[in-house]
Amino acid sequence: MLILSRRKDESVIIDACIEVTIVDIKGDQVKIGIKAPRDIKVFRNEVFQAIQAENRAAASASTELPSLNIPTEQIPTTKIEEY
């Protein structure tokens, strides 16, 4: 992990296309601004972890559909009339 010191209104550039700016500092809370191309997804860590957990759960879910077990005599049929 790279650790940098920045003051309010100072920035860090990542890969020439992402700019992270220190917007405000109040006590132990730091507000950051992130400028990035629209195709770059930016998440808070806790949101990203929740998305990953949901994706893992969906990937391991069964894809089998339960059978309806409808007796064939109860399935309605329509008669097509010929002209």
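Modeller: Let us begin with a definition: a salt bridge is a side-chain nitrogen of Lys or Arg within 4 Å of a carboxyl oxygen of Asp or Glu. Please bear in mind that this is a predicted model. A search of the whole structure finds four salt bridges.

Colleague: What makes the contact of E10 with R6 a salt bridge?

Modeller: The closest N and O atoms of E10 and R6 are 3.8 Å apart. The cut-off is 4 Å, and the pair is therefore counted as a salt bridge.

Colleague: Why is E10 called partly exposed?

Modeller: Partly exposed is the class between the buried limit, under 20%, and the exposed limit, over 50%. E10 has a relative accessible area of 27%, so E10 is partly exposed.

Colleague: Which side chain meets that of K35 in a salt bridge?

Modeller: The side chain of E19 does, with 4.0 Å from N to O. K35 lies in strand β3 and E19 in strand β2, so this pair ties together parts that are 16 residues apart in sequence. K35 is exposed, with a relative accessible area of 57%, whereas E19 is partly exposed at 25%.

Colleague: Why is D24 called buried?

Modeller: Buried means under 20% relative accessible area. D24 has 19%, so D24 is buried. D24 forms a salt bridge with K26, the closest N and O atoms being 3.9 Å apart. K26, in contrast, counts as exposed at 57% relative accessibility.

Colleague: How do you know that β1 and β2 pair?

Modeller: Two strands pair if at least two bridges are found between them. β1 and strand β2, residues 18-26, have four bridges, so they count as paired, and the sense is antiparallel. As one example of a bridge, S11 has T21 in β2 as its partner.

Colleague: What is the order of the strands in the sheet?

Modeller: The sheet is open and has three strands in the order β1-β2-β3, with antiparallel pairing. β1 (11-14) and β3 (29-35) each have a single partner strand, so they stand at the edges, and one side of each is left without a neighbour in the sheet. From one strand to the next, the twist averages 25°.

Colleague: What makes the phi of D15 worth a remark?

Modeller: Most residues other than glycine have a negative phi. D15 is not a glycine, yet its phi is positive, at about 55°. D15 is placed in the loop between β1 and β2.

Colleague: Where is A16 placed, and what is its phi?

Modeller: A16 is also in the loop between β1 and β2. Its phi is near 60°, again a positive value in a residue other than glycine.

Colleague: How do you know that D15 and A16 are exposed?

Modeller: The exposed class requires over 50% relative accessible area. D15 has 66% and A16 has 77%, so both count as exposed.

Key
Residues are numbered from 1 along each chain as its sequence is written. This is a predicted model: local features need pLDDT of at least 70, side-chain atom pairs count only at pLDDT 80 or more; totals for chains, interfaces and linings use all residues. Side-chain values use heavy atoms; hydrogens and water are left out. Helices (H or I, at least four residues) and strands (E, at least two) are DSSP runs, numbered from the N terminus. Axes are lines fitted to C-alpha atoms, for helices over the stretch in contact, and angles run from 0 to 180 degrees between N-to-C directions. Buried means under 20% relative accessible area, exposed over 50%, partly exposed in between (1.4 Å probe, protein chains only).
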